[in-house]
Amino acid sequence: MKRTALHTPVLLTPFLEMLAPLPDEPFLFLDGTFGRGGHTRAILDFKKNWRVMGLDCDEEAIVYGREQFADEVRAGRLDLRRANFSDFAAELAGQKIIGGLLDLGVSSPQLDEGRRGFSFYHNGPLDMRMDQSAELTAATIVNTWTEQDLNDVFHELGEVRSPFRVSKRICEVRREKAFETTSDLAKLIEGADGWRQKGYHPATNYFMALRIAVNSELKRIEKVLPDFSRALVKGGRLFVITFHSLEDRIVKVAFRALADAGAAALINKKVVQATWEEKKSNPRARSAKMRVLEGVL
Ligand SMILES: C[S@@+](CC[C@H](N)C(=O)[O-])C[C@H]1O[C@@H](n2cnc3c(N)ncnc32)[C@H](O)[C@@H]1O
């Protein structure tokens with residue numbers, strides 16, 4: 001297996017512990033962010049009578065899944081579809097689910113492949129689309145959005161306190177030559193902002209902001225949670241794992257509103273986070289937060 005195919009699923013132990021009370025009967029589970037299938041593999045192994053529908057908007061995730069899970073697909077235990085989880089209702093076509101998972105953000109292979117354009121450590125085109133058929137790329141944002149819009153994206157989605165120097169420099173530089181690669185942009189940010197914290201690249205939050213904007217990540221989560229909870233059977237559970245405070249806030253507010261309206265119940269009032277050991281062995285787990293909702297209707 002290529003190194004870039006690897007992705008270590010986060011919070012797997014608490015996820016399985018909270019899945020344990022659900023009955024192992026012929027139910028359907030929806031993994032809305034299949035990725036490299038780490039969580040799906042564990043679900044299929046743990047609940048032998050469940051079927052899983054796995055969605056991912058990334059063509060490469062689905063190709064990988066069809067190869068690596070060929071037996072499960074053939075046996076009818078796994079149905080893999082290239083789709084955005086915001087279209088999950090159409091994919092389910094009225095079927096109820098015993099549970100659902102959204103493990104948000106990017107997978108390690110997406111980050112590690114320079115050609116996908118997510119990372120300043122691996123040079124590549126300024127792309128950042130999870131769904132390769134989408135139109136908007138990071139290059140379009142960087143090369144065509146106004147200075148004010150760039151400030152707003154960096155400030156609101158990247159939580160960069162003063163992005164003004166960077167946005168201004170981008171607009172000056174692109175008058176001469178459009179930005180094409182991740183390292184073009186990372187170098188400009190490094191030059192404008194400098195290193196403030198050892199080990200924390202100054203481009204980190206700018207890149208995260210662009211990725212969230214390119215993939216409309218926050219809007220999609222907000223839209224999908226109430227519908228997702230309605231698809232649960234009574235006692236079914238919806239798991240959402242976030243890696244960003246803005247995402248977590250959206251999930252927290254939406255879950256609370258559903259619980260207050262009597263449409264669902266909160267399973268954990270406090271977010272589930274990785275243990276020290278997991279954080280040490282998998283740096284992606286450091287910022288992971290899991291919230292769980294139970295269907296009551
Ligand atoms: C963090 S990874 C999931 C990893 C997976 N749980 C595993 O253990 O392998 C997130 C995946 O979700 C996909 N994704 C993100 N947002 C999506 C969306 N709105 N619709 C469908 N897939 C999405 C990404 O393409 C990526 O493959």
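Q: A residue is buried if 20 or more other C-beta atoms, placed from the backbone, lie within 10 Å of its own, exposed if 12 or fewer, and partly exposed in between. What share of the protein chain counts as buried?
A: This is a predicted model, where local features need pLDDT of at least 70 and side-chain atom pairs pLDDT 80 or more, while totals for chains, interfaces and linings use all residues. Residues are numbered from 1 along each chain as its sequence is written. The C-alpha trace spans about 60 × 45 × 40 Å along its principal axes. Of the chain's 297 residues, the buried share is 41%.

Q: How many helices and strands does the protein chain have?
A: Helices (H or I, at least four residues) and strands (E, at least two) are DSSP runs, numbered from the N terminus. On that count, the protein chain comes to 14 helices and 8 strands.

Q: Which residues of α9 are buried, and why do they line one face?
A: Helix α9 covers residues 164-176. Look down its axis and the buried residues fall within an arc of 95° (taken over directions from the axis to the C-beta atoms), so they line one face. The face turned away from that buried side carries the exposed residues E172, R175 and E176. The buried ones are V166, S167 and I170.

Q: What covers the buried residues of α9?
A: Contact here asks for C-beta atoms within 7 Å. By that test, the cover over the buried residues of α9 includes α7 (138-144), α8 (147-158), α10 (182-193) and α11 (204-214).

Q: Within what arc do the buried residues of α2 fall?
A: Four residues are buried in α2, namely H39, T40, I43 and L44. They pack against α1 (12-19), β1 (28-31), β2, α4 (70-74), β3 (78-82) and β4 (97-103). Seen down the axis of α2, they line one face of the helix, because they fall within an arc of 130°.

Conventions. Contact = placed C-beta atoms within 7 Å.
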